[in-house]
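Here is a friendly walk through a two-chain model, written to be read with the structure open beside you. Let's begin where the chains meet.

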Amino acid sequence: MSESILSVRDVEKTYGGFFGKWHKALDGVSLEVGRGTVFGLLGPNGAGKTTLIKILLGLVRGIEGEAELFGKKVGAPVPRTRVGYLPEAHRLPPYLTGWQVLRLFGQLCGRDRAWLDERIPLWLARVGMTKDAHRKIKEYSKGMCQRIGIAQALIHEPELVFLDEPTDGVDPVGREAIRGIVEELKDQGTTIFINSHLLMEVEMICDRVVIMDKGRIIQEGTMAELTPDTGAVRFTVTPYPKDLPQLIGGIGRGLNEEPPGSEAEDTGQFELTVDGTETDKIIDILRANQIGLRGLSRPKLTLEQSFIDLVKKEQR
Amino acid sequence: MKFTIVRALLLDALYQVLDNKVFRILVVVIGLLILMPLFMAFREDGVQLLFGTWSFPYDKFLDSFGAMMGASGSVVSSMSSSEVQELCIQAYQSLIITGLMGNLGIFICLAATAFFIPQMVEKGAADTVFSKPVSRITLLLARYLTGVLFVGILACLLVFGTHFALLIGSGASDSAFLWNALALTYKFSLLYAVTLLIGVVTRSTVASILLTIIFMMFNGCVHGAWKGVQMSADSEMETGESLSGDTGGITVKVNGEEQSGDELIEATDDGDAGWFIDTIWTTTQTLHYTLPKTGDASTIAEKLQTTFAGDENSPFQDEEMALELKSLPPTFEAIDPTSLDGKSEHFPPAEDGTIVFAAVSESSGARLLVHRRPVLEAPSGSSGRMRRESSRSAEKAFTAWLEADESRQQDSLERVFIAEGTTWNRSARDFRWTAFRTDGNWSVRTLLVREGDWFGSIQLEHPEGAELDDSITEHFGNRDYMFGTGSITSMHASRDPSAWYAEKLDWTGDWKYSIWFSVGSSLGFVFLCILLSWWRLARIDF
């Protein structure tokens with residue numbers, strides 16, 4: 001892994017007390033993120049994803065364990081100069097215009113006015129907000145706020161960006177634009193930390209993914225590790241043979257037997273795990289029974305399926 | 001901290017207040033208040049409305065305010081037109097700044113800035129702001145200081161604007177009044193620290209405003225109670241002495257036993273007030289010394305006015321006795337007081353006192369003298385306990401002194417109350433007597449007044465048969481001359497605790513009544529509020 005710019009070791013965070021019930025939001029979380037990585041943080045609601053991000057940004061304090069940004073303990077303002085953050089359900093100052101928001105947050109990150117005045121129009125154009133730049137935030141729609149929110153997180157050209165649900169409330173065109181921005185940042189070597197429920201997007205963008213549940217990391221790995229080849233072969237045939245199990249006579253394993261009249265009959269698809277010679281045998285049987293072979297593929301486990309399987313397993 | 005960040009925070013606060021409707025209303029109200037003296041000018045010849053479209057002489061104008069003017073209405077009638085003009089301008093300044101803006105204005109300013117902290121720490125907004133590389137204490141201080149700064153700017157706008165509008169419209173204004181800008185900002189800064197703390201703890205604008213108002217009321221009650229009790233405690237000895245003098249022959253039954261008035265007073269003095277009263281008093285004292293003294297702001301402004309402006313027209317001022325001679329009667333001229341040593345008798349014992357001011361009228365030979373001596377201790381009642389002199393015991397002593405020597409003869413004695421406005425009055429003794437001196441018989445009139453640790457006598461004397469200007473004797477007689485409009489005005493009040501405290505509060509003297517202590521303890525409270533706010537803010541998990 002490249003140089004680590006974010007490191008978390010055995011971090012625990014407990015909320016509650018003072019006559020309330022104690023709740024452990026994080027329970028011994030450890031992870032490292034290398035420079036230039038696009039890192040996905042997944043998990044069901046209440047898994048502790050946002051808490052982890054907030055700890056790294058110094059928004060949540062009183063933790064056990066160690067958390068560092070750029071080799072310095074979290075909480076100190078200095079490392080945050082190099083960090084951009086788009087919070088989930090954020091609320092930008094309603095009394096400011098889009099332009100003023102970008103200038104304010106850019107200045108708070110230490111950039112001077114002249115530098116910002118050059119870059120603000122560029123960022124407004126990138127998030128498609130040039131036309132509405134001088135309207136007040138209180139007049140913006142949710143999607144418009146999200147676009148300005150992304151621009152404020154990136155205006156000072158940070159080395160590490162935390163995006164918490166970046167496409168929340170954004171229309172499909174906007175989502176594509178945001179994906180484009182993330183791809184561009186990735187190409188520039190910016191480290192990106194994404195927390196999203198849209199797993200398709202995460203699958204498209206991220207290099208590494210961590211799946212959390214109940215405050216613990218239950219899976220971590222590259223996208224290839226989390227979406228492995230299942231070893232199955234998918235046959236698309238017509239017509240769909242009603243006596244398929246008898247027809248193939250025990251060749252291969254894990255045939256997904258579908259009841260009569262099911263969706264499989266409509267799509268004409270069935271899957272089973274076979275090796276190279278067994279595939280040929282099945283094709284021969286299909287031909288012999290005058291069943292046309294319309295397609296043949298090797299399906300991968302989707303991130304979504306992998307995520308659901310993992311979480312369900314964990315909850316059992 | 002980088003200048004860029006400071007400017008960003010300042011601009012953010014500016015945009016925030018400009019977006020606030022309450023603040024906009026406040027600016028409009030201030031604009032109207034500044035414009036008002038332009039449309040209603042106090043000229044020497046009367047009040048002019050709308051640049052002279054309508055004019056009213058002062059007597060007509062003040063008649064319409066008769067109910068408001070109260071006792072001082074009669075005072076106004078004997079003033080010159082320029083004095084009335086000055087009085088009206090001062091009344092206007094006092095009404096707008098101390099009355100309207102010092103109370104209602106502060107409320108509105110709190111309402112206009114109370115949302116600063118709650119909006120910053122509310123869910124969603126806090127994540128964006130506090131994730132930036134700016135420490136929490138910086139953000140907190142920035143919010144506090146920008147709130148104070150904006151209100152300071154508004155206060156300056158109002159005070160300086162009113163001053164210049166009065167200068168343009170009326171041709172006169174008291175420049176010492178400009179200190180009120182500082183007083184208003186100071187008062188707001190004390191209360192805003194409380195709003196800040198409540199804002200951080202509750203994270204609610206409504207709670208911030210309401211709890212600050214409740215705090216203001218509580219604070220006022222604590223200081224009011226302290227002033228009341230402290231004033232009573234300060235005059236306890238005098239009161240005891242007065243009662244002692246009044247109880248001759250009176251007996252009461254206490255627990256079946258007859259006790260004389262004097263015995264009862266002594267028993268009360270020696271008695272234990274009880275742990276409950278003690279606890280309440282100790283708590284009140286602690287709270288008074290700890291809580292911000294917001295009510296002192298206007299008094300401090302007045303003291304600053306006095307300190308820096310002084311009173312150029314005043315031929316005599318005695319800070320300790322709190323007596324001021326505003327102007328000399330006609331034909332009188334000030335002379336060296338020591339030149340009258342041995343020529344004029346005074347309230348005994350003479351060796352403890354001095355003539356602090358003297359003026360003579362060459363044409364009539366009359367003299368005006370101000371004499372003072374400290375309050376002494378004397379044996380009291382049947383017990384013979386040493387007590388400080390009261391006005392009553394001084395009256396007795398003065399009478400005895402007049403009767404002790406054939407060279408003096410008491411003609412009359414009147415117990416009078418000296419009143420200024422409607423807020424205070426105090427008792428005085430008006431002695432008329434004759435002094436048989438080697439240079440002839442002198443008619444003497446002595447007004448004996450006690451103030452704090454001093455007894456003062458203002459004495460008008462003239463050779464028998466000398467013709468005095470009527471205005472002198474008339475004014476001396478009805479005491480307007482001395483305390484209302486004419487020559488000697490007490491800067492003290494006696495029975496109103498707030499006025500009593502305002503008079504006690506000064507740059508020097510006992511620490512309880514020191515402006516330095518008042519400001520220091522109030523700023524200490526502000527510091528504590530900010531420290532607690534920071535402590536709480538540092539522990540918030542957003």
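## A salt bridge between the chains

Lys13(A) and Asp541(B) meet through their side chains in a salt bridge, with 2.7 Å from N to O. Lys13(A) belongs to strand β1 of chain A and Asp541(B) to the segment after α20 (515–538) of chain B, so this pair joins two chains. Please keep in mind that the model is predicted.

How covered are the two partners? Lys13(A) has a relative accessibility of 5% and therefore counts as buried, since the cut-off for buried is under 20%. Asp541(B), with a relative accessible area of 23%, is partly exposed.

## The wider interface

How many residues does each chain bring to the contact? Chain A gives 33 residues and chain B gives 32 residues. Between them the two chains bury about 2,800 Å², and 53% of this is on carbon and sulfur atoms. On the chain A side, Leu59(A), Tyr95(A) and Leu108(A) account for 26% of the area buried against chain B, more than any other three residues.

Charged pairs contribute as well: five salt bridges are found across the interface of chain A and chain B. If you look at Lys136(A), you will see a salt bridge to Asp19(B), where the closest N and O atoms are 3.1 Å apart. Those two residues are part of a network of salt bridges that also takes in Lys138(A) and Arg24(B).

## Salt bridges within chain A

Over all chains, the structure holds 32 salt bridges. One of them pairs the side chains of Arg9(A) and Glu68(A), at 4.0 Å from N to O. This pair links distant parts of the chain, 59 residues apart: Arg9(A) sits in strand β1 (residues 4–15) of chain A and Glu68(A) in strand β4 (residues 64–69) of chain A. Arg9(A) is partly exposed at 33% relative accessible area, and Glu68(A) is partly exposed at 21%.

Another salt bridge is formed by Asp207(A) and Lys186(A), whose closest N and O atoms are 3.1 Å apart. Asp207(A) lies in the loop between α6 (199–205) and β9 (208–213) of chain A, while Lys186(A) lies in helix α5 (residues 172–187) of chain A, so the pair ties together parts 21 residues apart in sequence. Both ends are partly exposed, Asp207(A) with a relative accessible area of 27% and Lys186(A) with 26%.

## A buried phenylalanine in chain A

Phe235(A) is located in strand β11 (residues 232–238) of chain A. Is Phe235(A) buried or exposed? Its relative accessibility is 0%, so Phe235(A) counts as buried.

What surrounds it? Beyond its neighbours within four places in sequence, Phe235(A) contacts a set of residues that includes Phe270(A), Leu272(A), Ile282(A), Ile283(A), Leu286(A), Leu293(A) and Leu296(A). Gly268(A), Gln269(A), Thr279(A) and Gly295(A) are also among its contacts. The C-alpha atom of Phe235(A) is 9.1 Å from that of Arg298(A), a residue 63 places away along the chain.

## Chain B as a whole

Chain B contains 20 helices and 17 strands. Of its 542 residues, 48% are buried. Among contacts in chain B between residues at least 6 apart in sequence, 66% join residues at least 24 apart. Chain B exposes about 25,100 Å², with 60% supplied by carbon and sulfur atoms.

## Strand β9 and its partners

Strand β9 (residues 354–361) of chain B is mostly covered, with six of its eight residues buried. It runs antiparallel to strand β8 (residues 332–335) of chain B, and four bridges join the two. In this pairing, Ile335(B) has Ala358(B) as its bridge partner.

β9(B) also pairs with strand β10 (residues 367–374) of chain B, in the antiparallel sense and over six bridges. Here Ala359(B) stands opposite Leu368(B). The hairpin of β9(B) and β10(B) has five residues between the strands, and Gly365(B) takes a positive phi near 80° there.

## A nonpolar patch on the surface

Finally, turn to the surface of chain B. Val28(B), Leu32(B), Leu35(B), Phe39(B), Leu50(B), Phe51(B), Trp54(B) and Phe56(B) form a nonpolar patch, with about 810 Å² of accessible area together. Two elements of chain B, α2 (21–39) and β3 (54–56), each give two or more residues to the patch. α2(B) gives the most, with four residues. Trp54(B), in strand β3 of chain B, counts as partly exposed because its relative accessibility is 48%.

How values were computed. Residues are numbered from 1 along each chain as its sequence is written. Chains are lettered from A and ligands numbered from 1 in the order in which they are written. This is a predicted model: local features need pLDDT of at least 70, side-chain atom pairs count only at pLDDT 80 or more; totals for chains, interfaces and linings use all residues. Side-chain values use heavy atoms; hydrogens and water are left out. Buried means under 20% relative accessible area, exposed over 50%, partly exposed in between (1.4 Å probe, protein chains only). Contact means heavy atoms within 4.5 Å. Patches are made of residues with over 30% relative accessible area and no salt bridge: like charges are joined within 9 Å, nonpolar side chains (Val, Leu, Ile, Met, Phe, Trp, Tyr) within 5 Å. Accessible areas come from the Shrake-Rupley method with a 1.4 Å probe; for residues, only the protein chains shown count as cover. Two strands pair if DSSP finds at least two bridges between them. Buried area is the accessible area (1.4 Å probe) that two parts lose on being put together, summed over both.
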